[in-house]
Amino acid sequence: MTSEERESNCPTIVSVGDHRRIKQPRRRELAMFTDRPWVGLRTFGDGVYWTVRRWCLQDHKALMYSVNQTVSLLGQVIISVRVAPRNPSSDVILPYSKANGSARVKMGRTEVIASVKAELGRPSSSAPGKGKVSIFVDCSPTAAPQFEGRGGEELSMELSAALRQCLLGGKSGAGGGINLSSLSIVDGKVCWDLYIDGLVVSMDGNVLDALGAAIKAALSNTGIPKVNIASATTPDEQPEVDVSDEEFLQFDTTAVPVIVTLTKVGRHYYIADATSEEESQMSSAVSVSVNQQGSICGLTKRGGAGLDPSVIVDMISVAKHVSEELMNKLDSEIAAAEAMEEDSS
Amino acid sequence: MAAKAGTTPATYSPSPTTNNKKKNRTPLFSDVDWVRPDGRDFHQCRPAFLRTGAVNAASGSAYAEFGNTKVIVSIFGPRESKKAMMYSDIGRLNCNVSYTTFATPVRSQVSDNKDISSQLHKSLEGAIMLNTFPKTTVDVFALVLESGGCDLPVIISCASLALADAGIMMYDLVAAVSVSCIGKNLVIDPISEEENHQDGNLMTTCLPSRNEVTQLTITGEWSTPKIHEAMELCLDACSKLGKIMRSCLKESASTSQE
């Protein structure tokens, strides 16, 4: 890729980085060396943040961006810029009509599909007043050849576990994005089983965040059929239920959190929404799921390298900032896609 | 192998005022009436009993008993990687956790062994110097004899002890502790009964002497200050657990010399 191509591929952007650690003089230095329009630094707080990263050259030999080359003349530490949450692109709530709800989300070249299917089932004996939700992720060989056969199993498992942890809350159900009680039809007898399936179609880093976004979009697109319960059943009998084909109840998704993964590269900086190129250099990554109120609903860490506790605390606060932006962006994209779908139907 | 038999320091607790049970409760716990099923303080861990050398055939092994949670971990290797594996200039770590059929109240209740195994792998790999055994594999086999809550943290701590017993080079021991959030209270080292009612859980595994976190998982809804509080609690408990693990290793080394 030539530097011009790079440049045109680098849109507005960016976020994250340790804004607190950057001191004034560094800022001036940056201005001197960055004659490109998309390189710069703004303070945290005006809505658009620039991603700022410092590469120690001995730390990171592959110079990814032309900016870095400019800067490498300095002989050390520098700063490059990029891609802020690559916006979940306006793609699209798709009617894969066999499912109750579905969505496709693209972030850069990462593309995932989520589908939601509701089936009638029996609640478990330990939680009679609640429905059940299961989340599975499948990595398709279309995304990468190594996923053929059982090759994608490990990643699928890791992603499913992380999503379950981020979206379903604690054992008592507190903090879950999906209100399980709303899935109950007759206490202890009938409930909805919600099957959420994620599919990774194309992979260019940050799959977990994309899956989280797709699931949120798919849920907001989900219609659960209205159920009429035949009256006058005795307590022991399995009640008869009549599932309506026409009336659907909209699923409430305001509580569903978004997931933000911060990837730590090199010694000092972390990036939101890393591409696979950047993930290849990662030492560890922390995924935080944050809901509308700004509470943390789940957290997982990837990568074996240890982190200082203060770094984790710092990453959590950065993730919270990024999540606000992502949440707003996602909400407006979902609204736009829904409007489009209505137009076409 | 009962906990009471241990002459080693039996309890550890992260809060500085552990001995005085009454004063231990900070004003944060508005729900004072609530008592833990086993009568511990909110910030008091279960007695830890640790022994190395539980299995003779293994290159290293350890047994851990935290209250009712009983775990055996054995280490095999480093030995030749399977033929199908590609060449690797760093060593591989293969973790496998299994439950006995009688570990849980309902027979064979635990189904998600793979998930627990991968969590164990993620927690340990950062502590082991994999470059010291290229081309080979170290197997970590954990068996949960009885599940009494906090299984994963106990497995992790026990596995790192077994690794040390096997003489695998590590940067530090790995200590793991989890905290449950029940209502407004933070409860350290929960038993299964508490885990079933928890609103949220935070588990930290760390290298106590390096003060590094190798794995952190959070479930449920948490505010940032609460996360800070829980993490501090965990880290403190980890460093104390680390000391107990260290003394256990020293003890076994000195007895083997005699």
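Trainee: Which residue stands opposite A:Gly298 in E9(B)?

Mentor: In this predicted model, A:Gly298 faces B:Thr219 in E9(B). Now look at the strands themselves. E13(A) and strand E9 (residues 212–222) of chain B are joined by three bridges.

Trainee: Do they run parallel or antiparallel, and how should I read a pair like this?

Mentor: Read pairing from bridges: two strands pair if DSSP finds at least two between them. Here E13(A) and E9 of chain B run antiparallel.

Trainee: How many residues does each chain bring to the contact between A and B?

Mentor: Count residues as touching when their C-beta atoms, placed from the backbone, lie within 7 Å. Chain A brings 26 residues and chain B brings 33. On the chain A side, helix H4 (153–168), strand E13 (296–302) and helix H7 (309–344) each supply at least two residues. E13(A) gives the most, with six residues. By class, that side of chain A has twelve nonpolar, ten polar and four charged residues.

Trainee: Which domains does chain A have?

Mentor: The domain assignment gives domain 1 (3–85 + 259–329) and domain 2 (101–253). Their contact takes 15 residues from domain 1 and 16 residues from domain 2 of chain A. On the domain 1 side, strand E10 (258–265), helix H6 (276–279), strand E12 (282–290) and E13 of chain A each give two or more residues. That side has four nonpolar, eight polar and three charged residues.

Trainee: What does UniProt list for chain B?

Mentor: Its unreviewed entry lists "domain: Exoribonuclease phosphorolytic" at residues 44–168 and 172–233 of chain B. Over residues 172–233, chain B is 26% helix and 50% strand. The end C-alpha atoms of that stretch are 20 Å apart.

Note on methods:
Residues numbered from 1 in each chain as written. Chains lettered and ligands numbered in written order. Predicted model: local features only at pLDDT ≥ 70, side-chain atom pairs only at ≥ 80, totals over all residues. UniProt positions renumbered as here; feature names shortened; annotations may be inferred. Helix = DSSP H or I, 4+ residues; strand = E, 2+ residues; numbered from the N terminus. Contact = placed C-beta atoms within 7 Å. Nonpolar A, V, L, I, M, F, W, Y, C, P; charged D, E, K, R; others polar. Domains from an automatic or database assignment.
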